[in-house]
Amino acid sequence: MGKTYEIRDPIHGFIELNEWERDIVNHPVFQRLRRIRQLGLTDMVYPGAMHTRFEHSLGVMHVATKMFDQIVKRRQDFLETELSFTAGGLERDRVLVRLSCLLHDAGHAPFSHAAEGLMDKDPTTNKSYKHENYSAAAVAFLMQDVIENHPLNQNYKITAQEIADFLNGRVALGRVLLWRSLVSSQLDADRADYLLRDSHHIGVAYGRYDLNRLLVTLTIALDPETESPVLAIEDGGVHAAEALILARYFMFTQVYFQHTRRAYDHHSVQAIKHLLMEAQRGGDLANKEAFPSPTSRENMEQYLKWDDWRVLGMIHRGLASEHGDILLNRQHHRRVFETPEVPNTSDLEFAEQVFAGLDDLVSFVDKAESSWYKFESADIPILLRPGQGDEELTKLSRLSTVVSGLKAVSRTRVYVAIENKEEALERVRVLRQQKEQKEAQA
Amino acid sequence: MKVSLDIPWQRYALIAELAQRCEGKCPQFGKTVLQKMVYLLQEVFHIDCGYDFDIYAYGPFTPQLLQDLDLVEHTGAVKIHPVASMTGGYEISPGGQAAALIQKGSDFLNKGEVKKAIETLVDEFGRFWAKDLELRSTIIFVQRDSQKQGKLLSADDIVEIVKQIKPKFTNAEIRDAVEELKSKKYLEPVA
């Protein structure tokens, strides 16, 4: 078993690590996460939001392990007979899940999700890489030795590439793909941890829900429509599942998509974009206005030099353009228009009129869909009558009128520079008046 | 810096269009079928609808499509009903505002290649249940993902990987689906 170490955590009490995991935590790639704030510049709105990806990553590993253990404890027979898992394979999967969850955020850019828009384009998809791709590349290119050559890995022979495949969601994982839902799904350990952690540090109650109840009711079942295995909650945990969905809704609307917080996301991205251009001019980076691609060891070494401390230092030295100055002086651009949370066609058409009417005053447009944190209406599977011989899998939205009434948030906002705020608000007021007059005439 | 509003009318209109075309043609046009149809439209017919799919044990999936579906339902362009049967799931049907929303995305939907792709998609895949589409879209994801990693899979390789991801299907069922996709040249290249 070997020696274990405990780290004190404000959400989960103690988080236990073995010697192998401790060595990984002590690796410079993981230590960098101490210098990446969990919520970027959210402290400009909620001053307590100073926590980092370091503690969140430990928390995700801890919660994912509890989830994994719970599922295996309750459904080992099902996993073995229905899904062809073996006892030995499950033991190895547990280790793979722990390490993958520990390292799932290793490739975050400065200020976390805010700078994700500055990640380079993948030429094979023509879409931007995601932080998961950078996490996978950091593991594959820079952490091979600490992962593969540790004595505690002798029995498992887990490779850095396997962890990278887990993080990238590669089909090479085969049956192990099932466990990816523990780090990316409606019931994943990632959001299970960040809702509680962010609430705790910010000082809001919106993200709280009964994690312990969810954990003891977590299970796995076959979707009757497709016979695919899915994570589910037993019917005894319905209200805990409702609370989780509501926590996500409140945290999204009140924190992650809070209008001023989103303005600071915009300014921090523009500031970093300027710094990247300057670095390019100085010959430091191969790509203009984007971080290096996660495609080589050299690129990843360059990329990981970027952290919050470096960017904040450059902002403080006045090197980060007018957006850096905005951050220093808290003179963010102001929201002058927004659609309802769930707009209809007429709301969207009016947004187009407002956008055209504001014309050159518009500094940027923000959409709920472009936020990494989303509130989409994906459902939670609920297993009715578990273990009674007539189990049935249904959806939470069918059992809960609270949840069925919640729709995905698709709000769009328009921002202008602070000096244009009054003029912009007046133009919006006139446009709204014209719209109301037209509607009254119709 | 160019700032744009870019309301994705084409994405919303596509959902309404598929609901209209699948009505009476698909055995159950629900949320899973919508996911897999749009995935096939992007990957097999090369129509960029703007979605980014990831693979799970339940096949290719993107939460953005669910978000869009909610909005489209709110506009009245589709209706979503829970299905009371052994298989459960939902049924999506066109709503009273379907034609109006489709009109908003007509620049996209009326492009020759888009129109033809949607017609062929519904003709070729519209008859399938969610389970069958999930299998076929997973097969295509496995082949495409491996190709991106520089691996050219044989039909046997694909069957083996898909069997691990979707153990409830028999090898024969997976192989039949692979052969069917190959014969229609939707699964190229295969070693």
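Let's start with one pair of side chains: Asp69(A) and Arg94(A) form a salt bridge, and their closest N and O atoms sit 2.7 Å apart. This pair ties together distant parts of the chain, since Asp69(A) lies in helix H3 (residues 53-81) of chain A and Arg94(A) in helix H4 (residues 87-102) of chain A, 25 residues apart. Keep in mind that you're looking at a predicted model. Counting over all chains, the structure holds 46 salt bridges.

**Where the two chains meet**

How many salt bridges does the rule find across the interface of chain B and chain A? There are eight. Take Lys130(A), which forms a salt bridge with Asp54(B), with the closest N and O atoms 3.5 Å apart.

What about the interface as a whole? The size of an interface is often given as the accessible area lost when the parts come together. Here chain B and chain A bury about 4,900 Å² between them, and 55% of that is on carbon and sulfur atoms. Within chain B, the residues that lose the most area to chain A are Leu5(B), Gln67(B) and Lys168(B), which together make up 15% of what that side buries.

**Helices packing inside chain B**

Now for some helix pairs in chain B. Two packed helices are described by the angle between their axes and the distance between the axes.

| Helix pair | Angle between axes | Axis distance |
|---|---|---|
| H1(B) (residues 9-22) and H6(B) (residues 112-125) | about 40 degrees | 11 Å |
| H7(B) (residues 130-148) and H9(B) (residues 171-183) | about 70 degrees | 10 Å |
| H2(B) (residues 31-43) and H3(B) (residues 63-75) | roughly 120 degrees | within 10 Å |

Begin with H1(B) and H6(B), whose axes cross at about 40 degrees. The two helices are therefore oblique to each other, and H1(B) passes H6(B) in a right-handed crossing.

Next come H7(B) and H9(B), with an angle of about 70 degrees. That makes H7(B) roughly perpendicular to H9(B). Their crossing is right-handed. Leu135(B), Arg136(B), Ile139(B) and Ile140(B) of H7(B) meet a set from H9(B): Glu173(B), Ile174(B), Ala177(B), Val178(B), Glu180(B) and Leu181(B). Which classes do the residues of this contact divide into? Seven are nonpolar, three are charged and none is polar.

Last up are H2(B) and H3(B), whose axes cross at roughly 120 degrees. That makes H2(B) oblique to H3(B), and the way H2(B) passes H3(B) is a right-handed crossing. Lys31(B), Leu34(B), Gln35(B) and Val38(B) make the contact from H2(B), with Leu65(B), Leu66(B) and Leu69(B) on the H3(B) side. Here the classes come out as five nonpolar, one polar and one charged.

Terms used. Residues numbered from 1 in each chain as written. Chains lettered and ligands numbered in written order. Predicted model: local features only at pLDDT ≥ 70, side-chain atom pairs only at ≥ 80, totals over all residues. Heavy atoms only, no water. Axes fitted to C-alpha atoms, helices over the stretch in contact; angles between N-to-C directions. Helix = DSSP H or I, 4+ residues; strand = E, 2+ residues; numbered from the N terminus. Parallel < 35°, antiparallel > 145°, perpendicular 65-115°, else oblique. Left-handed = near helix turned anticlockwise from the far one by under 90°. Buried area = accessible area lost by both parts, 1.4 Å probe. Salt bridge = Lys/Arg side-chain N within 4 Å of Asp/Glu carboxyl O. Contact = heavy atoms within 4.5 Å. Nonpolar A, V, L, I, M, F, W, Y, C, P; charged D, E, K, R; others polar.
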